[in-house]
Amino acid sequence: MSTRKNVLANKKEKTSAWVHVFFILFGIVCIIPFVIIISASLSSETDLAMYGFSVLPKKVDFTAYKYLFKNPEMIINSYIVTILITVIGTFLGVLFMSMAAYCLARSTFKYKNILSFFIFFPTLFSGGMVPSYIINTQYLHLTDTLAAMILPTLINVFHIIMLRTFFKQIPGALYEAATMDGASEYHIFFRLVLPLSKPVVATVAFLSALAKWNEWYNAMLYIRDDKLVPLQYMLQRMMMNLRTLLDAMQNVPAAVNLQDLPGENLRMAMLVVAIGPMLLVFPFFQKYFTRGMTVGAVKG
C-alpha cells in the first residue's frame with residue numbers, strides 16, 4: 001500500500017513539475033513582446049529598417065524619447081490629467097456600480113425589477129453619437145471639463161452584473177443578523193458587503209482604471225483646451241503630427257534624411273510611456289483579479 005502511495009506521489013510531483021515548466025515558458029513567451037517593444041523604443045529608425053525588431057537593440061538610441069519629451073511640461077500635464085480621470089472616475093464608478101448591484105442583489109428591495117429594466121434595457125441599443133454629443137455639450141455643458149471624460153463612461157453594465165452576482169453569494173443570514181442588530185442599509189453595505197467583496201470590487205476597480213487610463217475618444221469629442229488633454233489623446237496627436245510632417249517632406253528635396261526622424265521607434269516609446277504605470281499598478285490587484293473574474297461571472 002505504501003509503495004502505491006509513493007508511486008502516486010512521484011507521478012504527482014512529475015506532473016506538477018511539468019505544469020510549472022509549462023507556465024514558466026508561457027510566462028517568458030508573454031514577456032518577450034514587451035521586451036521587444038522596449039528594445040525597439042531604444043533603437044534608431046535606421047536600425048529598425050535594416051535589422052527589424054529584436055530582443056536587444058543593435059545600438060541604444062534615445063531619439064524617440066527625446067522627441068517624445070521635447071516638451072516635458074506637456075507630458076507631465078497630460079499625466080496629471082490622466083491620473084485625475086483614472087482616480088476620480090474609478091472611485092465614483094466603483095461606488096455607484098456597487099451600490100446599484102447591492103440593490104439588485106437584495107431580494108427585499110421593492111423596486112428591483114424597475115431598476116433592473118432601467119439598467120439593462122439601454123444595453124440592447126444605443127442612442128447614437130449625435131444625441132449623446134448634443135446632450136453632453138448643449139445641456140450638460142461638459143465641453144472642456146474633466147467630467148466629459150468621466151461621466152459618459154462612469155457606469156458599465158457588465159461590471160454591475162459581476163458585482164450583483166458576487167453580492168448574491170453572501171449568505172442572507174448575515175443580512176438578517178445585521179438588521180436585527182439595528183444596522184442600517186448603509187452600514188450593511190459599507191461595513192459588511194464591501195469588506196466581504198474585495199475580490200470582485202478590486203477586479204472591477206482595475207478594469208475601470210484601465211478603461212479610464214486609456215481614455216481618448218471622449219477627449220477627442222469634448223476637449224479643446226490643451227491643458228485638459230489626457231495622455232493617450234496627446235500621444236495620438238503627436239503621432240498624427242509626425243505622420244503629417246513625414247508625408248509633407250516626401251515631396252521636398254532631401255534636405256533632411258527621413259530615416260533619422262522617429263517613426264516606429266516613436267510608436268514603441270509611446271507604448272512604453274502609456275502602459276508603464278498600469279504595469280506598476282497591476283500587482284496590487286493580481287491576488288484578487290482571478291478570483292473576482294471567475295466568481296463574479298459564474299452565475300447570471
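Asparagine 136 is found in helix H6, which spans residues 129–139; helices (H or I, at least four residues) and strands (E, at least two) are DSSP runs, numbered from the N terminus. The structure is a predicted model, in which local features need pLDDT of at least 70 and side-chain atom pairs count only at pLDDT 80 or more, while totals for chains, interfaces and linings use all residues. Residues are numbered from 1 along each chain as its sequence is written, and side-chain values use heavy atoms, with hydrogens and water left out.

Asparagine 136 has a relative accessible area of 11% and is therefore buried; buried means under 20% relative accessible area, exposed over 50%, and partly exposed in between, with a 1.4 Å probe and protein chains only. When its neighbours within four places in sequence are set aside, asparagine 136 is in contact (heavy atoms within 4.5 Å) with His141, Leu142, Thr143, Pro152 and Tyr222.

On a 1 Å grid over the protein atoms alone, a pocket is an open set of points with protein on both sides within 12 Å along at least five of seven lines, whereas a cavity is a set of points where a 1.4 Å probe fits but cannot get out; lining residues have an atom within 4 Å of a point. Grid points are joined across faces, edges and corners, and a volume is the space filled by probe spheres set on the points. At least two lining residues each come from helix H4 (72–105), helix H5 (112–120), H6, helix H7 (157–168) and helix H11 (217–222). H6 supplies the largest share, five residues. By class, this lining has 19 nonpolar, nine polar and no charged residues, where Ala, Val, Leu, Ile, Met, Phe, Trp, Tyr, Cys and Pro count as nonpolar, Asp, Glu, Lys and Arg as charged, and the others, Gly among them, as polar.

The second largest pocket has a volume of about 300 Å³. Among its 14 lining residues, Asn71, Met74, Met234, Met238 and Asn241 lie nearest its centre. Helix H3 (63–68), H4 and helix H12 (231–249) are the elements that give two or more residues to this lining, and H12 gives the most, with four. Charged residues are present here: the lining has six nonpolar, four polar and four charged residues.

Helix H10 covers residues 198–213. Of its 16 residues, 12 are buried, so H10 is largely enclosed by the rest of the structure. The buried residues include Val201, Phe206 and Trp213.

Taken as a whole, the protein has 13 helices and zero strands. Of its 300 residues, 33% count as buried. Among contacts between residues at least 6 apart in sequence, 74% join residues at least 24 apart.

Terms used. The expected span of a helix is 1.5 Å times one less than its number of residues.
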